[in-house]
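Biologist: I have the sequence and the coordinates open. Walk me through what holds this chain together, one question at a time.

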Amino acid sequence: MITEVREVTELITPGPAEALAGLLGVPLPGPDLPLLWHWVYLLDRPPQAILGRDGHPARGGIPVPPGPGLRRMFAGGRAWRHGPLRIGAQATRRTWQASSAVKQGRSGPLHFVTVRTEISQGGRVVVTEEQDLVYREPAPATPAALAPAAPGSPPAAAAAPPAGDAGQPVEVNPVLLFRFSALTYNAHRIHYDRDYARGEGYPDLVVHGPLQALLMAELARPGLPERCEYSYRLVAPLFDGQGLIVSAAPETGVIRG
């Protein structure tokens with residue numbers, strides 16, 4: 001049941017796309033934005049006074065946190081591109097909480113929330129998206145969690161690239177994480193405040209789930225049809241200093257990374 005719809009309208013200017021292209025080290029696209037580049041546009045900019053200790057809105061945001069003090073994690077999502085999102089024209093984003101559920105996990109209750117977004121331009125919806133978020137009880141900081149990750153060590157849950165695909169290595173460092181946080185107006189402290197991240201039980205800074213999804217989409221971008229679906233799932237956190245190898249395989253109009 002839709003309880004609130006957040007609507008934002010703005011002109012799609014070249015500036016955010018130029019900034020994202022510089023961060024990713026790719027040429028500036030245009031006049032159409034690539035898949036997922038809408039993440040640097042039509043942003044919520046909440047007042048400082050409503051932010052919680054973690055940097056997310058404690059009230060008045062979408063989604064509304066299901067309880068105080070819960071850890072928020074980005075679990076995955078789906079995006080459908082129905083047509084081009086063009087630089088130089090106005091666009092409107094409508095966002096609402098589409099569903100929520102509580103399940104019992106090994107470490108306690110897990111609150112699953114799905115947020116749905118539609119972006120319209122020129123009188124029609126050009127992008128539809130769903131993002132899956134998970135809220136869980138805070139974990140105590142343990143001596144193992146407080147130990148920094150070994151520099152250059154691969155992620156424990158990293159999967160091998162598909163056969164014939166060597167993948168693309170990406171250097172993940174605090175500067176990259178800070179710039180992506182700034183570009184997407186994401187104040188979640190686990191991405192730039194190392195002491196806070198360790199206080200939440202993480203061994204180091206957490207690499208943004210959307211950044212990983214965007215890097216996979218970029219790898220699959222050449223030859224991608226205008227109308228396509230992109231599905232991604234984040235099964236384990238990735239930390240600063242572990243290194244990242246990006247791999248993506250288009251499959252009948254669906255990208256799987």
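Modeller: One cut-off before we start: buried means under 20% relative accessible area, exposed means over 50%, and partly exposed lies in between. Keep in mind that this is a predicted model.

Biologist: Then take Arg 86: which class does its relative accessibility put it in?
Modeller: Arg 86 sits in the loop between strand E2 (71–81) and strand E3 (90–105). Its relative accessibility is 40%. That falls between the 20% and 50% cut-offs, so Arg 86 counts as partly exposed.

Biologist: Which residues does Arg 86 contact, leaving aside neighbours within four places in sequence?
Modeller: Start with Pro 31, which is 55 residues away along the chain. The two C-alpha atoms are separated by 5.5 Å. Leaving aside neighbours within four places in sequence, the contacts of Arg 86 are Ile 12, Pro 31, Asp 32 and Gln 121.

Biologist: What kind of peptide bond joins Gly 30 and Pro 31?
Modeller: Most peptide bonds are trans. The bond from Ile 62 to Pro 63 is cis, with omega near 0°. Omega for Gly 30 to Pro 31 is about 0°, and that bond is cis.

Biologist: How many residues are in the largest nonpolar core?
Modeller: The chain has five helices and ten strands, and 43% of its 257 residues count as buried. In soluble globular proteins, nonpolar side chains tend to be buried together. Leu 36, Trp 37, Leu 211, Leu 214 and Tyr 230 have the most contacts inside the largest core. The size of that core is 42 residues.

Biologist: How do the axes of H3 and H5 run relative to each other?
Modeller: The axes of H3 (residues 174–183) and H5 (residues 209–220) come within 10 Å and cross at roughly 95°. Angles of 65 to 115 degrees count as roughly perpendicular. That makes the arrangement of H3 and H5 roughly perpendicular.

Biologist: Which residues make that contact?
Modeller: Sorted by class, the contact of H3 with H5 has six nonpolar residues, no polar and no charged. H5 supplies Pro 210, Leu 211 and Leu 214. H3 supplies Leu 176, Leu 177 and Phe 180.

Biologist: How many charged residues are in the contact of H1 with H5?
Modeller: H1 and H5 pack at about 85°, with axes 12 Å apart. H1 brings Leu 20, Leu 23 and Leu 24, and H5 brings Leu 211, Leu 214, Leu 215 and Glu 218. Six of these residues are nonpolar and none is polar. The charged count is one.

Biologist: Within what arc do the buried residues of H1 fall?
Modeller: The buried residues are Ala 17, Leu 20, Ala 21, Leu 23 and Leu 24. Seen down the axis of H1, they line one face of the helix, because they fall within an arc of 160°.

Biologist: Is Leu 36 buried or exposed?
Modeller: Leu 36 lies in the loop between H1 and E2. It is not a glycine, yet its phi is positive, about 75°. Its relative accessibility is 1%, so Leu 36 counts as buried.

Biologist: And what is the class of Tyr 185, at 47% relative accessibility?
Modeller: Tyr 185 is in the loop between H3 and H4. Its phi is near 55°, positive in a residue other than glycine. With 47% relative accessibility, Tyr 185 counts as partly exposed.

Biologist: How far apart in space are Ala 187 and Gly 55?
Modeller: Ala 187 is found in the loop between H3 and helix H4 (194–199). Among its contacts are Asp 54 and Gly 55. In sequence, Ala 187 and Gly 55 are 132 residues apart. C-alpha to C-alpha, the distance is 4.8 Å.

Biologist: Last one: what is the relative accessible area of His 208?
Modeller: His 208 lies in the loop between H4 and H5. Its contacts include Leu 177, Phe 180 and His 191. His 208 is buried, and its relative accessible area is 0%.

Note on methods: Residues are numbered from 1 along each chain as its sequence is written. This is a predicted model: local features need pLDDT of at least 70, side-chain atom pairs count only at pLDDT 80 or more; totals for chains, interfaces and linings use all residues. Side-chain values use heavy atoms; hydrogens and water are left out. Axes are lines fitted to C-alpha atoms, for helices over the stretch in contact, and angles run from 0 to 180 degrees between N-to-C directions. Helices (H or I, at least four residues) and strands (E, at least two) are DSSP runs, numbered from the N terminus. Angles under 35 degrees count as roughly parallel, over 145 as roughly antiparallel, 65 to 115 as roughly perpendicular and the rest as oblique. Contact means heavy atoms within 4.5 Å. Ala, Val, Leu, Ile, Met, Phe, Trp, Tyr, Cys and Pro count as nonpolar, Asp, Glu, Lys and Arg as charged, and the others, Gly among them, as polar. A nonpolar core is a set of buried Ala, Val, Leu, Ile, Met, Phe, Trp, Tyr and Cys residues joined through side-chain atoms within 4.5 Å. Buried means under 20% relative accessible area, exposed over 50%, partly exposed in between (1.4 Å probe, protein chains only). The arc is that of the directions from the helix axis to the C-beta atoms.
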